[in-house]
Amino acid sequence: MTIDPISYLPLTEPSFYILLSLAPGKKHGYAIMKDVKELSKERVNLSTSTLYTAVGRLLDQELIERLPEESNGGPGLPRKSYALTDLGRRVLAVETVRLHGMVKEARLRLREEET
């Protein structure tokens, strides 16, 4: 049975940015937090609690997966890394198309109002 990515839409803004952060490859939690802040031009600043609540939801939905723990090369606990699943990549792509369509329509409407 193939899962329809549209059934996951719309994504929340934190979820969108987390998936987008993982698009190039695996990251650990702190790297995701920093990347989301940068991607959103500091508009989305995830707290640890918000990040791991969203990560838990994305794991439950099978949009991301937790990778085997790796040593961080120093003292302390190994870091937990995450990666997009194939489904997560498809959902991100479909959401990107949906958002692009919304922006396109808004721009057309705003141009109409200017004339």
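Which pattern does the chain follow, read along the sequence? The order is α-β-α-α-β-β-α. That gives the chain four helices and three strands. Helices here are DSSP runs of H or I with at least four residues, strands are runs of E with at least two, and both are numbered from the N terminus.

This is a predicted model, in which local features need pLDDT of at least 70 and side-chain atom pairs count only at pLDDT 80 or more, while totals for chains, interfaces and linings use all residues. Residues are numbered from 1 along each chain as its sequence is written, and side-chain values use heavy atoms, with hydrogens and water left out.

**The chain as a whole**

- The C-alpha atoms fill a box of roughly 65 × 40 × 20 Å, taken along the principal axes.
- Of the 115 residues in the chain, 33% are buried. Buried means under 20% relative accessible area, exposed means over 50%, and partly exposed lies in between (1.4 Å probe, protein chains only).
- The accessible surface comes to about 7800 Å². Carbon and sulfur atoms hold 54% of that surface. Such areas come from the Shrake-Rupley method with a 1.4 Å probe, and for residues only the protein chains shown count as cover.
- Among contacts with a separation of 6 or more, 56% join residues 24 or more positions apart. Contact means heavy atoms within 4.5 Å.

**Helix α1 and its cover**

- Helix α1 spans residues 13-22.
- α1 is mostly covered, with seven of its ten residues buried.
- The buried residues of α1 are S15, F16, Y17, I18, L19, S21 and L22.

**α1 against α4**

- Helix α4 covers residues 86-114. The axes of α1 and α4 come within 10 Å and cross at roughly 120 degrees. Axes are lines fitted to C-alpha atoms, for helices over the stretch in contact, and angles run from 0 to 180 degrees between N-to-C directions.
- α1 is therefore oblique to α4. Angles under 35 degrees count as roughly parallel, over 145 as roughly antiparallel, 65 to 115 as roughly perpendicular, and the rest as oblique.
- The crossing of α1 past α4 is left-handed. In a left-handed crossing, the near helix is turned anticlockwise from the far one by less than a right angle; clockwise makes it right-handed.
- From α1, the residues in contact are F16, L19, L20 and L22. They meet G88, R89, L92, E95, T96 and L99 of α4.
- By class, this contact of α1 with α4 has six nonpolar, two polar and two charged residues. Ala, Val, Leu, Ile, Met, Phe, Trp, Tyr, Cys and Pro count as nonpolar, Asp, Glu, Lys and Arg as charged, and the others, Gly among them, as polar.

**L92 in α4**

- L92 is found in helix α4. L92 is buried, at 7% relative accessible area.
- Leaving out residues up to four places away in sequence, L92 touches F16, L19, L20, A23 and L84.
- L92 and R66 are 26 residues apart in sequence. Their C-alpha atoms are 18 Å apart in space.

**α1 against α3**

- Helix α3 runs over residues 48-60. The axes of α1 and α3 come within 10 Å and cross at roughly 75 degrees.
- α1 and α3 are therefore roughly perpendicular to each other.
- S15, I18 and L19 of α1 make this contact with L51, A54, R57 and L58 of α3.
- The residues of the contact of α1 with α3 divide into five nonpolar, one polar and one charged.

**Backbone points to check**

- Most residues other than glycine have a negative phi, and most peptide bonds are trans.
- A cis peptide bond joins L9 and P10, with omega about -5 degrees. P10 is found in the segment before α1.
- K41 is not a glycine, yet K41 has a positive phi of about 55 degrees. K41 lies in the loop between α2 (29-39) and α3. K41 is exposed, with a relative accessible area of 73%.
- E42 is not a glycine either, and E42 has a positive phi of about 70 degrees. E42 lies in the loop between α2 and α3. E42 counts as exposed, at 59% relative accessibility.
- K41 and L59 are 18 residues apart along the chain, and their C-alpha atoms are separated by 26 Å.
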